[in-house]
Amino acid sequence: MLNYSMLYPRESVSRRAVSLDGMWKFCLDWNSDGESKSWQEGIPGDDMIPVPASFQDFYTDKDIREYAGDLWYEKDIFVPGEWKGKQILVRFGAATHRAVVYVNGIKAAEHEGGFLPFCADVTDIVRYNAYNKVVVKVNNELTVTNIPCGQTVTLPTEKKMCKPYFDFFNYSGLQRSVWLTALPKESVFDIDTVNELCGQDAKVSYKVRTTGEHPVTVELLDAEGNRVASCDGKEGVLEVKDAHLWKVRSAYLYRMVVRIVDEGEILDEYAQEIGIRTVEVKGTSILINGEPVYLRGFGKHEDSDIVGRGFNIGVMKRDFELMKWIGANSFRTSHYPYSEEIYQMADREGFLIIDEVPAVGLFESLMNFMDASTGKQTAFFEKETTPILLQAHLRAVEEMITRDKNHPSVIAWSLLNEPETTSDAAVPYFKEVFDRARELDPQKRPRTFALVMNSTPDKCKCYQFSDIIALNRYYGWYVSGGYDISTAEVLFRKEMDAWKALDLNKPFIFTEYGADTLSSEHKLPSVMWSQEYQAEYLKMNNEVFDSYDFIKGEQIWNFADFQTTEGIMRVNGNKKGVFTRQRQPKDIAYKLKERWESLPLGYKG
């Protein structure tokens, strides 16, 4: 069980939250001797860097961009005297991929896993009415015992280099917001909500965990601020008359206010927005509020110019406007949980999210996109280190679900992306991860994982764990591309016929399909990488999707071009974007818009 709350920092009558975003002091630890030189008490030099952001793309030095090892951050923070008696926390939205936090030279916290929040309790370390020095040692090396997986090697030149088993750049650092928070000694620690529809009405069952024994009250306010339901106790049911449901692309949010009270005095108050909606898989249908939905949208990345994987509020706004323009209704957080602000935006805009844990690279290949359809086997789940990896994976699943379980936008958990599933050793590993996800989620959302092309119906030993079968398929690109696309369609239909023959009675969705395309390339007749070929590729895939009634969604790869490791297969990154990295449309965007706007929400329902 987590020993720190994953609730998003919010201010109330009892809570304070101060953003620590801005310029932090920064230093790379080239000789891995920062600790022996007491950097935890203060780092050398005078270089400054923005937080949140990845560090790699600010500099003009290639050794810095490719740096693997420890990187240090420092900031002086003021803690007001009136906070004395409260619990003081420094909360990191993420530190990629592991971090140790020091305050005034004293170790306050450590955390492994680069895409989820953690807190350092500094109550007994800080000086009040004074500045305090926060130093963070972040390490960005890749291993096979933490997700995402990869390796870190030392080159003959003594330089260290990260080699990912995944096809996106290893951006790292303090990539999400940092907060200084003050909570009352007795506080709201966690909240669970479960929705039930009863005709025109609804029931919201809740469970609140606090750090003390005083009584709890809960009230539900509508969008105008009127109280529509209330309840006493740490567990209860809010009965909502004439409930406004949270619907796809038509969101309605209630405000749930939780208070800890002592004879009329408020000891703590925490409020969060919730949407009343249900999610279930029934036969081959994905149902929201009992109505079938067809997913249309994207695999995405948190990736943009200059700040890399750092959270960028302006880019987030642009991305949602483009998704609305093109007629999308969903996206997968490939290949890690995104910044919390993105889920809050999806809640407000009515987008559906498949929330993915950072379990990517669980297939040993430095060019996994090339090995994905070759039948290659790497005995990934048979390593001596697999039990250590499993524990890191389970911890990330717990952190993700604890953080995101109350977002109405989150409709499914994706527990791995393109893992090796062709060996028997994968089966007990998958079982443990899928069982844990079910146990942790109060709403019992559907669980899935994205199947790599090697995971065919006759070879995959793990698809039975998924409530929704999610396929990443590149017929017409990695398999039979170019003039051979007619063969690609034959092979694609052959595989889909084999899945159909299994009669799984589950919905299938495509979580990846796409073709690299340079926005500058036009050629008639088409060649691969041209805009014309991307259109032909899309047309063929759409015809296959429309041919099978159990296919209930399409999320094209990718929303926008994104950075990858350099190599002969990548022209400054992955170019499968429907939009450029600068968020401008390629020709394909207009074709997708035309298709998606013509498909009813319950297409094939």
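Student: Why is helix α3 (residues 340-349) said to be largely enclosed by the rest of the structure?

Tutor: Because 9 of its 10 residues are buried, where buried means under 20% relative accessible area (exposed is over 50%, partly exposed in between; 1.4 Å probe, protein chains only). Among the buried ones are Ile342, Tyr343 and Met345. Before we go on: this is a predicted model, in which local features need pLDDT of at least 70 and side-chain atom pairs count only at pLDDT 80 or more, while totals for chains, interfaces and linings use all residues. Residues are numbered from 1 along each chain as its sequence is written, and side-chain values use heavy atoms, leaving out hydrogens and water.

Student: What do the buried residues of α3 pack against?

Tutor: Their partners include α2 (313-326), β25 (352-356) and α5 (386-404). Helices (H or I, at least four residues) and strands (E, at least two) are DSSP runs, numbered from the N terminus. Just after α3, glycine 350 takes a positive phi of about 80°.

Student: What makes the link between the side chains of aspartate 192 and lysine 405 a polar contact?

Tutor: A polar contact is a pair of N or O atoms within 3.5 Å; within protein, one must be able to donate a hydrogen and the other to accept it, and residues adjacent in sequence count only if both atoms are side-chain atoms. The two side chains are 2.6 Å apart in this contact, so the value falls within the 3.5 Å limit. Aspartate 192 lies in strand β13 (residues 188-198). Not counting residues up to four places away in sequence, aspartate 192 also touches others, including Tyr206 and Pro442; contact means heavy atoms within 4.5 Å.

Student: How do you know that strands β28 (residues 469-472) and β29 (residues 508-512) pair?

Tutor: Two strands pair if DSSP finds at least two bridges between them. β28 and β29 have 4 bridges, in the parallel sense, so they meet the rule. Leucine 471 stands opposite phenylalanine 510 in β29. Both strands belong to a closed barrel of 8 strands, β23-β24-β25-β26-β27-β28-β29-β30, with parallel pairing. The twist averages 25° from one strand to the next.

Student: Which helix lies across β27, β28, β29 and β30?

Tutor: Helix α7 (residues 485-502) does, running at about 140° to β29. Axes are lines fitted to C-alpha atoms, for helices over the stretch in contact, and angles run from 0 to 180 degrees between N-to-C directions.
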